[in-house]
Amino acid sequence: MAEPENPERVTNAPSRRHVIAATAAGGAALAIGTAGTAGAAEGTPTPTPRTGSPTTPIGPDDPRYLSLTQRGCNARFVGKPDYYRVVHSTAEVVDAVQQAVRQGKRIAVRSGGHCFEDFVDHPDIKAVIDMSPMREISYDAERRAFCVEPGAQLAEVYRELFIGWGVTIPAGATAEVGIGGHVVGGGYGVMSRRDGVSVDHLHALEVVVVDKDGTARAVVAERDPDSPHHDLWWAHTGAGGGNFGVVTRYWFRTPGARGDDPAELLPRAPASFLAFRAGWSWKDLDARDFKTLMRNHGQWCERNSDPDSRYASLFSVLMVNTTQAAGSGAVLAGVIDAAVPGAQRLVDDYIAAVGRGVGAQPAIRRPPLSWLNALTSITDTRSSPFKVKSAYLRKTYTDRQLDVLHEHLRPSDDPAARISGTLWLVAYGGAARKVAPDATAVAQRDSILKAVYMAGWDAETQDGTRETEWVRSLYRGVYADSGGVPVPGAVSDGAFINYPDADLDDPEQNKSGVPWYTLYYKDNYPRLQRVKAKYDPRDEFRHRLSIRPAR
């Protein structure tokens with residue numbers, strides 16, 4: 001999560017993981033996205049197949065099958081496909097896709113396992129391609145770019161890029177998220193205000209697609225507008241996973257980077273972060289103070305989210321939790337590059353601005369963190385059920401919306417009626433605003449915050465009915481003026497596809513008349529449909545919120 005990737009921990013007070021990782025933005029990261037590794041792709045040499053475990057199908061009678069069904073982080077869904085194929089190379093991906101097509105089986109792809117909906121674990125899915133062994137990270141001198149396979153977890157990517165060359169890519173903060181689905185949804189994280197989103201540094205990628213005659217093949221799609229598959233590259237810069245094919249390799253290089261020195265081809269990673277955490281307890285926040293705090297935070301983001309802001313290197317998350325634990329009602333946490341001039345003063349001024357006029361003084365901690373400590377040691381292995389919704393904010397909440405938030409988030413006086421819920425307001429803007437909304441598939445380029453609404457529950461004692469209705473009620477109430485969803489406009493700007501929410505395609509939950517695809521893609525959707533029709537004409541790669549082919 002942000003990577004609200006694993007929002008199951010909303011039942012606890014904010015942990016060290018919450019302090020930094022509230023935004024793995026991709027947060028989370030739709031792990032079914034384009035995941036994989038391609039083989040004999042057009043325009044690239046055929047790689048030598050690697051040896052590894054057999055890629056024969058793993059069915060229900062195999063002792064490995066149960067473990068593979070439980071790889072997803074959201075325990076709301078557990079799939080029962082006919083088989084899994086655990087792949088190690090592009091050639092194996094091509095073979096796995098080809099076999100499933102010949103058998104007429106619905107295909108899904110899993111890399112890190114952080115999908116928030118049932119796109120992998122749906123009853124109609126019969127063949128799951130597991131990309132977890134494909135984790136190679138290297139420098140490709142011929143392409144002058146860093147090559148990353150989709151099974152690599154973010155912690156591995158950060159570690160290899162930093163130790164080898166001192167560079168990084170702007171991506172999420174949850175260590176266990178697989179890069180495969182994270183990138184294609186427009187991954188973001190702690191460096192995004194400084195360096196943009198992940199796809200802003202995506203140079204090329206390799207994708208296994210299926211032609212209209214049912215033949216699987218691998219192609220290389222590049223950023224260069226004159227390259228033959230440029231439109232396929234564009235579609236993978238924010239449309240999310242499970243739409244066009246199986247991504248088997250990513251190449252990263254910052255646009256405009258020159259020379260052959262790898263250390264100059266991606267953003268330099270900070271040596272260390274100045275971390276901060278300020279917490280306000282619910283016992284010290286009445287309705288007025290709550291609204292003041294929230295309004296201060298939103299207005300600060302309105303003033304300080306331009307690319308040239310002196311706060312462009314500051315990343316933060318305001319987490320409002322329904323727990324009554326001391327110091328955990330509202331928590332403002334984040335990091336700033338310690339090398340930024342006056343970093344400590346910037347943090348102090350930020351916390352003061354958010355807390356101005358609030359009666360209670362926050363409890364403040366400022367732990368120092370090295371780059372690798374901050375982004376490679378945060379893990380979440382426990383799978384629990386949860387429901388997540390998202391929205392982009394262009395301006396702070398209105399007074400009416402703040403009333404709804406206070407009503408839902410303040411803990412009930414009755415312990416039996418309490419819900420384990422949370423709202424995360426994750427810093428956005430900065431360098432992400434430098435890119436035009438149609439230059440990539442990420443259309444929401446002028447937003448200041450990503451809002452994440454979530455509820456989690458204990459699968460052993462709860463069925464999730466109350467929690468799911470709570471988060472739906474919260475969402476409907478906040479966006480009551482626009483049919484219960486964040487219709488793009490002056491205040492809201494749609495939703496984030498890496499936090500997919502099937503409710504947006506439900507007329508009972510979305511009464512706006514604005515289709516789900518406009519909420520996610522805005523004006524970019526027709527172009528995505530054309531790419532879908534060209535590269536997946538048989539609609540082999542599909543799920544509840546997948547791109548529909550253009551007719």
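## Helix packing and aromatic pairs

The axes of helix H8 (residues 287-303) and H9 come within 7 Å and cross at roughly 135°, where axes are lines fitted to C-alpha atoms, for helices over the stretch in contact, and angles run from 0 to 180 degrees between N-to-C directions. H8 is therefore oblique to H9, since angles under 35 degrees count as roughly parallel, over 145 as roughly antiparallel, 65 to 115 as roughly perpendicular and the rest as oblique. Leu293, Asn296, His297 and Trp300 in H8 meet Tyr350, Ala353, Val354 and Gly355 in H9, contact meaning heavy atoms within 4.5 Å.

This is a predicted model, in which local features need pLDDT of at least 70 and side-chain atom pairs count only at pLDDT 80 or more, while totals for chains, interfaces and linings use all residues. Residues are numbered from 1 along each chain as its sequence is written, and side-chain values use heavy atoms, with hydrogens and water left out.

The structure holds 26 aromatic pairs; rings of Phe, Tyr and Trp (its six-membered ring) pair if their centres lie within 6.5 Å, and planes under 30 degrees apart count as stacked, over 60 as edge-to-face and the rest as tilted. Two of the pairs are tabulated here.

| Pair | Centre to centre | Angle between planes | Class |
|---|---|---|---|
| Phe116 and Phe386 | 5.3 Å | 90° | edge-to-face |
| Tyr392 and Tyr428 | 5.8 Å | 55° | tilted |

Terms used: Helices (H or I, at least four residues) and strands (E, at least two) are DSSP runs, numbered from the N terminus.
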